[in-house]
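Biologist: Could you put the model up, so that we can go through it together?
Modeller: Of course, here it is.
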Amino acid sequence: MSDCLFCKIVAGTIPSKKLYEDDDLIAFHDIHPIAPVHFLLVPKMHVAGLADCGVEHKDLLAKMLLLAPKLAVEQGLVAGFRTMINTGSGGGQEVFHIHFHVFGGGATIPKI
Ligand code: AMP
Ligand code: ZN
């Protein structure tokens, strides 16, 4: 997707503060963090959002879910963290390339 911000970050044409990369995934710090630690876990493959995922994406989604706690601990979030997936404009999604927000640290996160 030539006009997708996160595809450009995956390709390296837009810089990011990368904390993890493998063949399928990349993780980088959010440019506008809402907590002392706030990073995004992003598949290299362009998928617009969670509502666009099908059964063919189950291994990728599982890999993302299983990686999130490992990266969170590596980033110092030993007491826990929050994951968030905004989906669609009604869900507050602004970048239409699926990503998991992982954040925490500092003050207690409000209960939802
Ligand atoms: P969402 O609202 O779930 O689509 O989240 C998009 C997130 O991407 C926001 O938290 C932004 O702060 C973040 N973001 C936008 N541009 C960049 C960038 N160039 N590098 C890192 N994070 C970004
Ligand atoms: Zn993309």
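Biologist: How many aromatic pairs does the count come to?
Modeller: The count comes to one aromatic pair, where rings of Phe, Tyr and Trp (its six-membered ring) pair if their centres lie within 6.5 Å, with planes under 30 degrees apart counted as stacked, over 60 as edge-to-face and the rest as tilted. F6 and F28 form that pair, which is edge-to-face, at 5.3 Å centre to centre and with 80 degrees between the planes. Please keep in mind that this is a predicted model, in which local features need pLDDT of at least 70 and side-chain atom pairs count only at pLDDT 80 or more, while totals for chains, interfaces and linings use all residues. Residues are numbered from 1 along each chain as its sequence is written, chains are lettered from A and ligands numbered from 1 in the order in which they are written, and side-chain values use heavy atoms, with hydrogens and water left out.
Biologist: Why does the pair of F6 and F28 tie together separate parts of the sequence?
Modeller: F6 lies in helix α1 and F28 in strand β2 (residues 25-29), so the pair ties together parts that are 22 residues apart in sequence; helices (H or I, at least four residues) and strands (E, at least two) are DSSP runs, numbered from the N terminus.
Biologist: And are F6 and F28 buried or exposed?
Modeller: F6 and F28 are both buried, meaning under 20% relative accessible area, whereas exposed is over 50% and partly exposed in between (1.4 Å probe, protein chains only).
Biologist: Switching to the metal, which protein donors does the zinc ion (ligand 2) have?
Modeller: They are C4 (SG), C7 (SG), H46 (ND1) and H97 (ND1), lying 2.0 to 2.3 Å from the zinc ion; donors are N, O and S atoms within 2.8 Å of the metal (3.2 Å for Na, K and Ca), and water is not among the atoms, so sites may look incomplete. Along the chain the donors follow the spacing C-x2-C-x38-H-x50-H. C7, in helix α1 (residues 5-11), and H97, in the loop between β4 (82-84) and β5 (100-104), are 90 residues apart, so this pair links distant parts of the chain. Both C7 and H97 are buried.
Biologist: What about ligand 1, which residues are closest to it?
Modeller: The closest are D30, E94, V95, H99 and H101, among the 16 residues that surround ligand 1, where near means that a heavy atom of the residue lies within 4 Å.
Biologist: Where does H101 make its polar contact with ligand 1?
Modeller: A polar side-chain atom of H101 lies 2.8 Å from an oxygen atom of ligand 1.

Note on methods. Polar contact = N/O pair within 3.5 Å; in protein donor to acceptor, adjacent residues only side chain to side chain.
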